[in-house]
Amino acid sequence: MIDALDGLEGVVAAETILSEVDGAVGRLTIRGHSLDALAGRVSYEAVVRLLLGGFFPDLPQDVRPALGAARAEVFAETRAIDAALERLTPTEAMRALTARIADGEDLGAALRLIAAPAVFTTAVLRRQAREAPLAPDPALGHAADILRMLRGRPAAAAEAGGLDTYLVTVSDHGLNASTFAARVVASTRAGLTSAVLAGVSALKGPLHGGAPGPVIEMLDAIGRPDNARAWLEAALDRGDRLMGFGHRIYRVRDPRADALKRAVRTLIEGSNALPGRLAFAEAVEQAALGILKDRKPDRSLETNVEFYTALLLEALAIPPSAFTCVFAMGRVAGWIAHAREQLRAGRLIRPQSRYVGEVPRAAA
Ligand code: CMC
């Protein structure tokens with residue numbers, strides 16, 4: 001009998017040319033480029049081009065105008081925001097609007113889906129704040145337009161750069177839970193919208209992309225550096241997990257945490273926003289790492305991407321309720337590339353389960 005593997009740990013379920021997560025040394029490679037060569041150096045549109053290359057015959061060399069046009073195209077769907085949709089969380093509302101995009105497999109469908117989390121999240125947040133959604137500006141870069149649609153005024157170049165770095169940093173990450181979910185759905189040939197909806201649904205959980213909102217709650221509850229130890233110990237005594245720490249694959253520090261910490265530093269130092277916030281967060285991080293080491297000496301629990309995601313998105317004045325949506329704005333390119341790659345492999349993903357329930361009476 002085959003043993004069931006809890007959490008599929010160690011199982012290789014796909015071959016991919018898209019990204020590699022080396023958990024032993026803390027290295028992320030995206031289509032042959034190290035994260036350090038991409039984050040803060042190239043635009044999100046360039047990484048979209050990188051990830052989708054070879055999966056769509058008509059992919060243009062410069063994706064920026066086509067993605068801008070796709071943002072403008074999907075904006076029409078924001079007319080469907082009604083009172084019931086406004087009562088949902090931003091992630092649920094963004095997912096509901098994304099579901100209005102017809103399933104397809106062509107480049108147009110892919111670009112509409114990459115545009116969708118950006119356009120729908122900003123529209124929902126504005127409606128929830130009793131403001132009219134702002135139409136996209138197709139001439140802007142994706143990150144700059146997201147901040148403009150959210151705030152109603154142009155973002156400073158440093159802020160657009162900070163968000164661009166974030167979107168690039170989270171664009172793909174091996175066979176994480178949401179990407180696996182997207183590949184399973186793609187393998188049934190359901191279409192790209194269905195694959196992306198599976199990705200959003202898996203991302204939303206607090207063990208995956210739902211962690212950075214609670215990181216801000218944790219920092220706010222701790223309040224002062226000298227409260228950190230007692231607060232963190234009490235949380236662990238209650239059986240809580242510390243958000244922003246631990247990872248299934250990384251046994252060392254998540255390289256994305258450092259890329260984002262650099263981006264936060266640049267942003268905060270350049271603007272004088274939130275003075276002391278980074279130093280406070282670092283103090284909490286050090287306290288958490290020390291306590292986790294004491295409590296779980298056999299398990300290497302390090303800082304993951306979500307800790308500095310929270311600080312970066314906070315510095316960009318994005319509300320914590322929308323942090324998961326912003327994660328989706330970046331990861332959607334990865335989901336789509338993986339979905340296309342899965343289709344190319346051609347096989348339905350269909351593992352087995354081992355029955356451990358009651359046997360029928362007659363057979364007993
Ligand atoms: N705080 C406290 N204890 C932890 C934490 C944590 N953040 N992470 C793991 N542990 C403990 C866990 O309780 C378990 O202890 P025990 O063996 O006594 O039950 C042990 O460490 C091993 O944990 P695990 O559940 O086997 O680890 P996993 O590989 O299944 O989980 C994880 C990985 C990310 C879900 C987990 O570390 C966690 O819950 N972290 C907090 C949530 C978080 O930050 N999520 C964002 C993940 S990074 C974004 C992404 O790429 O998705």
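Thr29 stands opposite Ser34 in strand S3, in a predicted model where local features need pLDDT of at least 70, side-chain atom pairs count only at pLDDT 80 or more, and totals for chains, interfaces and linings use all residues. Residues are numbered from 1 along each chain as its sequence is written, and side-chain values use heavy atoms, with hydrogens and water left out.

Strand S2 (residues 27-30) and S3 pair in the antiparallel sense over two bridges; pairing requires at least two bridges found by DSSP between the strands. Strands are DSSP runs of E with at least two residues, and helices are runs of H or I with at least four, numbered from the N terminus. The open sheet has three strands in the order S1-S2-S3, with antiparallel pairing. Its edge strands, S1 (19-22) and S3 (33-34), each pair on one side only.

Leaving aside residues up to four places away in sequence, Phe56 touches Glu105, Asp106, Leu107, Ala110, Leu192, Ile336 and Arg340, where contact means heavy atoms within 4.5 Å.

Glu285 is placed in helix H14 (residues 277-295). Its relative accessibility is 1%, so Glu285 counts as buried, the term for under 20% relative accessible area with a 1.4 Å probe and protein chains only. Among the residues Glu285 touches, not counting those up to four places away in sequence, are Arg253, Lys261 and Tyr308.

Notes. Buried means under 20% relative accessible area, exposed over 50%, partly exposed in between (1.4 Å probe, protein chains only).
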